[in-house]
Structure formats: structure tokens, C-alpha cells
Amino acid sequence: MQADRVTLERLTGQEALARTCHLANIYRAAFGGPPWHEDERAAAAFAARLTADARRPGFAAVLACDDGEPVGLGTAWRTPRPFPTGRAYDLVRAELGDAVETLLVGAVEVDELAVSPHARGQGLAGRILDLLCGRTDPCWLLTAPHATDAIRLYERLGWRRLTGPRATIAVFRRSP
């Protein structure tokens, strides 16, 4: 992968839905191996979530392509008030308590960040995050505590971990 051949495109919900197949292929490649070991059902579930998520207020996606080949993605939206329930929100609230209302509500919530294995190590994840989050908005995301490469990436990029090392999830926040 050469940096000069990589393009990043910010997508609206409708544009992301039109590229669901590309985004699901990236998801499959990025999460099929360690530490995730996601199967074909997980990729199908991602595509189904994307259909609903693309309709959220403030939804945005980023598609990264290397010489026209899709190699990375990100999806995000603003966390609404009151802090949602379901999905992983209940785990986040269990770890952070009522602090979610001041730390996370209104911030850009990065839901998915995925880079194909052959495109990693080139700064692409950071570029996707920058385009999703902008420079002036607080942002947050979460990952699994066993995703050590992802945790190191977020720490290297200056994101602050809000949960302790024994938490069931790792929640990170970036302030402008």
C-alpha cells in the first residue's frame, strides 16, 4: 500500500448503504482473524446494523480505498441524549455510571473502525478517525480489552482511556 494511492471518502448514510457490499467485505477481512475471529454471520450482522445506523441523525462513514480497492472503513454519529440503552451502551454505562451524560452524550461516537490486514501499519486508521471526528469535536469509541493492537493505536493517537484495565470493555475519548 502506497500512501499516495490511498483515498478517503466521507459518505452520507445513503452513500454508505449504496456501498454496503464493499463495507461488509472490509469488515469481514478486518475482523475475521485474531483477536476477533468473526464469522460470516458477524459480517451479515454488520450489514444489517449499517442499514439501521445509516438512518441515525448525524451519521457519517468513511471509505478508504487503495488504488480503487476498498481497504478501510469507519462509521460514526453523535451520541444522543439521553444516553442510549441496548447494544454496548449498557456495558459503557455499567463501567462509567452517570459520567456518560457529561463525557459521551453529544460527542461523536465512532461505532466501527476497520482496516484490512494488508493495509495496516500505514496510519490509515488514524486518518479515518480524523476524517470521521474532525478536529473540533469530542469523540469516543470502545473496543474489547483483549484487542491490544487497537488499544495501543488509540493510546498512540492520544485518545484517553476512561475505563480501567479490568473493565469488561475499553472506552476511549478524544477531546479537541
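## Close-up views of a predicted model

View 1. Arg174 is buried, with a relative accessible area of 10%, whereas Asp130, at 30% relative accessibility, counts as partly exposed (buried means under 20% relative accessible area, exposed over 50% and partly exposed in between, with a 1.4 Å probe and protein chains only). The two residues form a salt bridge whose closest N and O atoms are 3.8 Å apart (a side-chain nitrogen of Lys or Arg within 4 Å of a carboxyl oxygen of Asp or Glu). This pair links distant parts of the chain, with Arg174 in strand S7 (residues 170–174) and Asp130 in helix H6, 44 residues apart (helices are DSSP runs of H or I with at least four residues, strands are E runs with at least two, and both are numbered from the N terminus). Elsewhere, salt bridges with shared partners join Asp53, Arg56, Arg87 and Asp111 into one network. The model is predicted, so that local features need pLDDT of at least 70 and side-chain atom pairs count only at pLDDT 80 or more, while totals for chains, interfaces and linings use all residues. Residues are numbered from 1 along each chain as its sequence is written, and side-chain values use heavy atoms, with hydrogens and water left out.

**View 2. The salt bridge between Arg19 and Glu9.** The closest N and O atoms of Arg19 and Glu9 are 2.9 Å apart in this salt bridge. Arg19 lies in the loop between helix H1 (13–18) and H2, and Glu9 lies in strand S1 (residues 6–11). Arg19 is partly exposed, with a relative accessible area of 27%, and Glu9 is partly exposed, with a relative accessible area of 34%.

**View 3. The largest nonpolar core around Val92.** Of the 32 residues in this core, Phe83, Val92, Leu104 and Trp140 touch the most other members (a nonpolar core is a set of buried Ala, Val, Leu, Ile, Met, Phe, Trp, Tyr and Cys residues joined through side-chain atoms within 4.5 Å). Helix H2 gives the most to this core, with six residues. Leaving aside residues up to four places away in sequence, Val92 touches partners including Gly97, Val100, Ile169 and Val171 (contact means heavy atoms within 4.5 Å).

**View 4. The lining of the largest cavity.** The residues that line the largest cavity are Phe46, Arg49, Leu50, Asp53, Thr75, Asp111 and Glu112 (on a 1 Å grid over the protein atoms alone, a cavity is a set of points where a 1.4 Å probe fits but cannot get out, and lining residues have an atom within 4 Å of a point). Helix H3 gives the most to this lining, with four residues.

Definitions and conventions:
On a 1 Å grid over the protein atoms alone, a cavity is a set of points where a 1.4 Å probe fits but cannot get out, and a pocket is an open set with protein on both sides within 12 Å along at least five of seven lines; lining residues have an atom within 4 Å of a point.
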